[in-house]
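Please have a look at the sequence and the structure first, and then read on.

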Amino acid sequence: MEDDARFIANLKLDFDPDALRNKYNQERDRRIRVDGNAQYVEVSGKFRHFTDDPYVESGFTRAPLTDEVDVVVIGGGFGGLLAGARFREAGIKDVRIIESGGDFGGTWYWNRYPGAQCDIESYCYLPLVEELGYMPKEKYSFAPEIYEHSQRIAKHYQLYDNACFQTRVTELRWDGDAARWIVSTDRGDAMRARFVVMATGPLNRPKLPAIAGIEDFEGHTFHTSRWDYSYTGGNHSGGLTKLSDKRVAVIGTGATAIQCVPFVGEYARQLYVFQRTPSSVDLRGNKPTDPAWAKTLKPGWQRARRENFNNIFAGVPVEEDLVSDGWTDIFRNLGVGIIGNAEKKTQKVAPQSPSQMALMAEVVDFQKMNGIRSRVDQTVTDPATAEALKPWYRQFCKRPTFNDEYLPTFNRPNVKLIDTSATQGVERITRTGIVANGVEYPVDCIIFATGFEVGTAYTRRAGFEVVGIGGETLTDHWAKGLQTFHGFSSHGFPNCFILGPSQNGFSVNLTAVLDDQSQHIGYIIKEVMTRGFRYSQPSKEAEKEWVAEIKRLAVMTTDFLSNCTPGYYNNEGHLQAEAGLIAGAYAPGINAFNALMAKWREKGDLEGLELS
Ligand code: NDP
């Protein structure tokens, strides 16, 4: 302890780490709600239409399907697309993708709000760019380019051929005699499949806060994932001219709000932004792709780049930080041991113990967040507003955001920030407005930038139940938390695979996760088929051992997240090892997980799987 105290003192920091730590704890404690995830309600009743598809013509019909395919993939976002693409490459031809929207694209099909953009560098995020010979236009792609790319993938791999759009799966039921899944849908289908792959996305179901009076509001409402351009006018690039006589409220200040608020602020007569926890808003610094640089790239560059990005997050030393942006900042400084001191000079530090390493990580984080907070001071002119916009938590407690227009928006005379942290969120909604801190703000429209369900049951988010061997449901099997083997499948649910964040390697670059998972699942399906088995499922023991391994390794992640301000990363501050988006992941990181899976495949005996 004494050594640690000396270690900190020798750094001669220009801030007091103890005082900051206390401040973070106070800010976290006053935000933790006893109702946790239950503070959110399902989108239903008056808000039922929030999950409708505004992008298709009504009246679509088709005859129900009762045919059989080898593989049904549920979801046509990047998960489903990558599964389709990688399965085709593996020689699995008979694949059908079922998608509730009117086209491929998933997140990028639904989220068309003004300013929508991906925060992960496009060269890492847009999948299969080498395979398709496509080079993203900018370092950070906007939504229309990403949406277009999803269709490019579907065309290239002929995934349109057998796809079912505007179709919601309502149930998956295992027929043990035939060893087939019966896939029921809201179109009356009862198709059969040897294998099913669930690629329904981790953030697909809009959620609403259960604010008192929410049903009473008589003005206009919509959720950001179904932006109502018929009400606002304009499109993804702006021009929301129909708001010029409107008083608008945006509830929420997560990654979505950070991107759309500047547009609403530019056009609305009056904008109130209702904030509970401020996001960290770092530099965007977008730039067009340099064609000369693109020409220097050697085959395999995309995988190398995304592995470099993932290594930095896992603390694995790299020669060069190829992406070098706000995501990798902290880790870059940690890797080379750089800390700034009170004289604003950088100093190289070599921690001598794990506890000093942890302290150094905390100090680098404090410095990063001090920078984020001074950016607010430098940008926002009203001191009280600036103070309220400062985030007091470690950078990866919440999803960091990157934007150069959000903070200046609060200098507009027609834009007002309403801090609702004292009452743990908006107090009340009335027929005509929103109440916060005892004041009613009359508005014509409420835009819910309140995010998506994360901590609720998987089957509720997916929208269908999975009924496995002996009638056991997946909801029951996972009632006490995820129970999987390698995060891909569960005992009692043969030939059924899960794509997406689970008990496996996680990266903030989600398409990398989905790509690697698709290749692994494709391998298992192919092996089961070519070795002449009817199905595979994890043994009970293998599943139990894997869950124990995930929990054993999760200690550091769990510690970190339990000290965080509430949010969907830590199950709204009520953390169990397997709840929250990243709490149940394989802690050593995605590259380490992929290496483990590569070894498993090399062994070739499908260890841990029961084969029938
Ligand atoms: P989030 O879940 O991140 O944000 C929801 C917001 O609503 C939070 O600010 C939350 O406050 C607020 N909120 C909830 N309930 C209340 C209440 N009762 N009163 C006031 N405020 C409330 O959703 P987003 O749609 O912003 O983002 C979801 C995820 O989607 C991101 O985290 C990211 O992973 C992804 N995304 C990525 C983008 C990109 O790459 N650029 C862009 C947009 C989204 P609190 O924080 O206090 O809970």
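## A tour of the model

The side chain of Gln-270 comes within 3.1 Å of the backbone oxygen of Asn-414. That is a polar contact, meaning a pair of N or O atoms within 3.5 Å; within protein, one must be able to donate a hydrogen and the other to accept it, and residues adjacent in sequence count only if both atoms are side-chain atoms. Gln-270 sits in strand S10 (residues 270–275), and with 18% relative accessibility it counts as buried. Buried here means under 20% relative accessible area, exposed means over 50%, and partly exposed is in between (1.4 Å probe, protein chains only). Strands (E, at least two residues) and helices (H or I, at least four residues) are DSSP runs, numbered from the N terminus.

Please keep in mind that this is a predicted model, in which local features need pLDDT of at least 70 and side-chain atom pairs count only at pLDDT 80 or more, while totals for chains, interfaces and linings use all residues. Residues are numbered from 1 along each chain as its sequence is written, and side-chain values use heavy atoms, with hydrogens and water left out.

## Around the ligand

Which residues come nearest to the ligand? Of the 27 residues around the ligand, they are Gln-117, Thr-256, Arg-276, Thr-277 and Tyr-568. A residue is near a molecule if one of its heavy atoms lies within 4 Å of it. By class, this shell has 12 nonpolar, 10 polar and five charged residues. In this scheme, Ala, Val, Leu, Ile, Met, Phe, Trp, Tyr, Cys and Pro count as nonpolar, Asp, Glu, Lys and Arg as charged, and the others, Gly among them, as polar. Helix H9 (residues 255–267) gives the most to the shell, with three residues.

| Side chain | Distance to a ligand oxygen atom |
|---|---|
| Tyr-568 | 2.6 Å |
| Arg-276 | 2.8 Å |
| Arg-399 | 3.0 Å |

On its own, the ligand has 920 Å² of accessible area, and the protein covers 89% of that. Such areas come from the Shrake-Rupley method with a 1.4 Å probe; for residues, only the protein chains shown count as cover.

The structure holds one disulfide, a term used for a pair of cysteine sulfur atoms within 2.5 Å. Cys-397 and Cys-564 form the link, with 2.0 Å from S to S. The angle about the S-S bond is -75°, which makes the link left-handed. What does the pair tie together? Cys-397 is in the loop between helix H14 (383–388) and strand S14 (401–402), and Cys-564 is in the loop between helix H20 (555–562) and helix H21 (590–603), so the bond connects parts that are 167 residues apart in sequence. Cys-397 is buried at 4% relative accessibility, and Cys-564 is buried at 2%.

Cys-118 is buried, at 6% relative accessibility. Cys-445 is in no disulfide either, and its nearest cysteine sulfur, in Cys-260, is 11 Å away. With 1% relative accessibility, Cys-445 counts as buried.

The expected span is 1.5 Å times one less than the number of residues. H3 is mostly covered, with 10 of its 12 residues buried, including Phe-78, Leu-81, Arg-86 and Phe-87. Just after H3, Gly-91 has a positive phi of about 90°.

Helix H18 (residues 510–530) reaches 30 Å from its first C-alpha to its last, close to the 30 Å expected for 21 residues. Of those 21 residues, 16 are buried, so H18 is largely enclosed by the rest of the structure. Gly-532 follows H18, and its phi is positive, near 80°.

Trp-301 lies in helix H11 (residues 301–314) and is buried, with a relative accessible area of 12%.
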